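Here are my notes on the model you sent over.

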Amino acid sequence: MPEGGIFTATTYIRPYKTAAGKSAIQTMEDRFTYGLNPEKLGAVSSYLCDPNTAPAEFLLVKSQYLAETGRAVSRGALFFQIRQAFLPGEVTAEEANRIGYETAMRWTKGKHQFFVCTHTDKAHIHNHIYFNATAFDRSRKFHNFIGSSFALRRLSDRVCIEHELSVIQNPRQHSKGCFLHYGQWIGEKPPSAKQRVRLAILAALEKKPTDFSDFLRLMEESGFSVKQGRGGVISFLAPGQEKPTRLRASTLGAGFDPEDIKAVIAGERPLPELPEEPTIPPRRVNLIIDIQERMAQGKGPAYERWAKVYNLKQMAAALQYLQEHHLTDYAALTASTEAAVDHFHKLSDELRTTEEALSKTSELMAATVDYAKTRPVFDGYKAARYSKKYLAQHEVELATYRAAKDTMNTILNGAKLPKIEALKKSRRELAGQKKELYAEYREAQRQMREAVAIKANIDHLLGITDERENKAQER
C-alpha cells in the first residue's frame, strides 16, 4: 500500500443498474448484503433510511417519483456506490465511518438517502457508501457526470485535510488503466459517449472505406448501432448508451458532419481533429473571514460557529492548493502569486490592445464603405459648382461623406488606405485573436484570484497584514 492517510486516490463512484435476470430490489439486496456482511462490518451509519430495509425504502422513493413525474425509474442507475480506503492504523472503524458519512452528506448535499458500511476484514479499513439515485424529495435523479471521480477525490481530500489526515499526492495508475481493488484508482476518467463515437469514426476512416455506406458498415462492425432518421439524419448508439449521438458538427465538433466524412472518404480533406474532453473546474477558494471584526459588528454566537467551520474549510482548501502545486515554502508561494498577477495583467494589456485595433479596423471599414457610397454624390456636388440647390437635395449623403472622410483621415493619419479585402482579413484575424486571448484572460483571472486568495489566507494564518496582493488583481 502506498503512503498516505485517507486513500482518496482510491475514492471513486460507481453506478449500479438492474442486473440481467433480476429485479431492481434483488439487485440492491445482493449488493447491500455484501456491504452489511457482519463478518466484514466494523461500523454502519445511515441517512433518511434504515440499512436493513434500504432496498425497499429506495424503491418506495422511486415509485413516488414515478407517480409524481411519470418518468420511468428503470432507466439509468438504481443507486451509486462510493468506495474509500484508509491507511492501516491511522483511523478506527468509527472514525472512518464518520468521515464516510460526512463525505456522503457533502457529496449528495443531503438530498439523497444513503448509508455507510465500514469494513475491517482487510489490513486497511475501507468504506462502502451506497446512495439512492433518486432524490428523497423526488425532485430529480443523480446522473453521473464527466470527471465525477476527480470531483469526488477532491471532496474527499478536503474532508481528509479538515480531519487532520494525510492524503495521497500522486496516485499511481495501473499499467492497463483499469479499475483495481482497494488502494488503487483509475487515474483517468473513461471517455464520454460522444468521445467514443469520435474515436470509432476516426478508426473507421483509417480503414479507408470505399464510400459512405461502407463507412456505416465499419461503424456497425465496431459495435455501434446506426440510426437513420427523417431527412437523412444519421445517429450512432454506443454500447450501453441510452440516447443516440447524432452525426453532425454541432454535436461532435468541427469535421464530423456527414459531408465532412464523405470528403475524407473521397480524399478531399484530412481526418478531423479529435477535440479534448471538458474538465471539471476546481471550486474557487475564498478569503477567510475575520471573525473578531464581524463579532464587533454585532454578529451572534451562531454566526461565530459557522464562520469557524467556514474558515477551517478555506484553510483546508488552501493547504490542498499548496500541496497540488508543490509550493513548499512561503517564498515559492509569493513568487507563484506574483507570477499569476503579472501574467493576468500582461494578458489584460494584450487584450486591450487587440480590442482597440479591432475597433479601429471595424470603424475604418465602415467609413470606407460610407465613403465609397457617397463619393459619386460629392463628385456631382463638385460638378454642380457647389450649388445650394444640389446641397439641399443631397444634404444627408454629403454629411455622411464628410464624416467618413474625417474618420478615415484620423485613423490613417497620412497612411495609405488598405484595400477592403485586406481590411476584412485583418478584422477576421483580430477577432480570432481576441477570442483566443479572452479565453486565456478568463483562465488567468481565475488562477490569479485563487492564488491571491490562497496567499491572503496563508498571510492571515501567519499574522501578516499586507493587502497589496488583493489590490493587485484589480484590472
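1. Aromatic pairs first: searching the whole structure turns up 21 of them, where Phe, Tyr and Trp rings (the six-membered one for Trp) pair if their centres lie within 6.5 Å, and planes under 30 degrees apart are stacked, over 60 edge-to-face and the rest tilted. Bear in mind that this is a predicted model, so local features need pLDDT of at least 70 and side-chain atom pairs count only at pLDDT 80 or more, while totals for chains, interfaces and linings use all residues. Numbering starts from 1 along each chain as its sequence is written, and side-chain values use heavy atoms, with hydrogens and water left out.

2. Take Phe-131 and Phe-142: the ring centres are 5.4 Å apart and the planes are at 85°, so this pair is edge-to-face. It ties together distant parts of the chain, with Phe-131 in strand S5 (residues 126-132) and Phe-142, 11 residues apart from it, in the loop between S5 and helix H4 (148-162). Helices (H or I, at least four residues) and strands (E, at least two) are DSSP runs, numbered from the N terminus. Both Phe-131 and Phe-142 are buried, using under 20% relative accessible area for buried, over 50% for exposed and partly exposed in between (1.4 Å probe, protein chains only).

3. Phe-212 and Phe-215 make a tilted pair, at 5.6 Å centre to centre with 35° between the planes. They are three residues apart in helix H6, which puts about one helical turn between them. Phe-212 has 14% relative accessibility and so counts as buried; Phe-215 is buried too, at 0%. The charged end of Lys-262 also sits over the Phe-212 ring, 5.2 Å from its centre (the test is NZ of Lys or CZ of Arg within 6 Å of the ring centre and within 35 degrees of the ring normal).

4. There's an aromatic cluster worth a look as well: Tyr-16, Phe-32, Phe-58, Phe-79, Phe-115 and Tyr-130. One of its members, Phe-115, comes back in the next point.

5. Leu-36 lies in the loop between helix H1 (24-35) and strand S2 (41-47), and its 21% relative accessibility makes it partly exposed. Which residues does Leu-36 contact, leaving aside neighbours within four places in sequence? They are Leu-41, Val-44, Pro-51, Asn-52, Phe-115 and Cys-117, with contact meaning heavy atoms within 4.5 Å. Cys-117 is 81 residues away in sequence, yet the C-alpha to C-alpha distance to Leu-36 is 6.5 Å.

6. Now the open three-stranded sheet, ordered S6-S7-S8 with antiparallel pairing. Strands S6 (225-228) and S8 (245-246) are at the edges with a single partner strand each, so one side of each has no neighbour in the sheet. S7 (residues 234-237) and S8 run antiparallel and are joined by two bridges; pairing takes at least two DSSP bridges between two strands. Phe-236 is opposite Thr-245 in S8.

7. Asp-260 is in helix H8 (residues 258-265) and counts as buried at 17% relative accessibility. Beyond neighbours within four places in sequence, Asp-260 touches Gly-255 and Arg-269.
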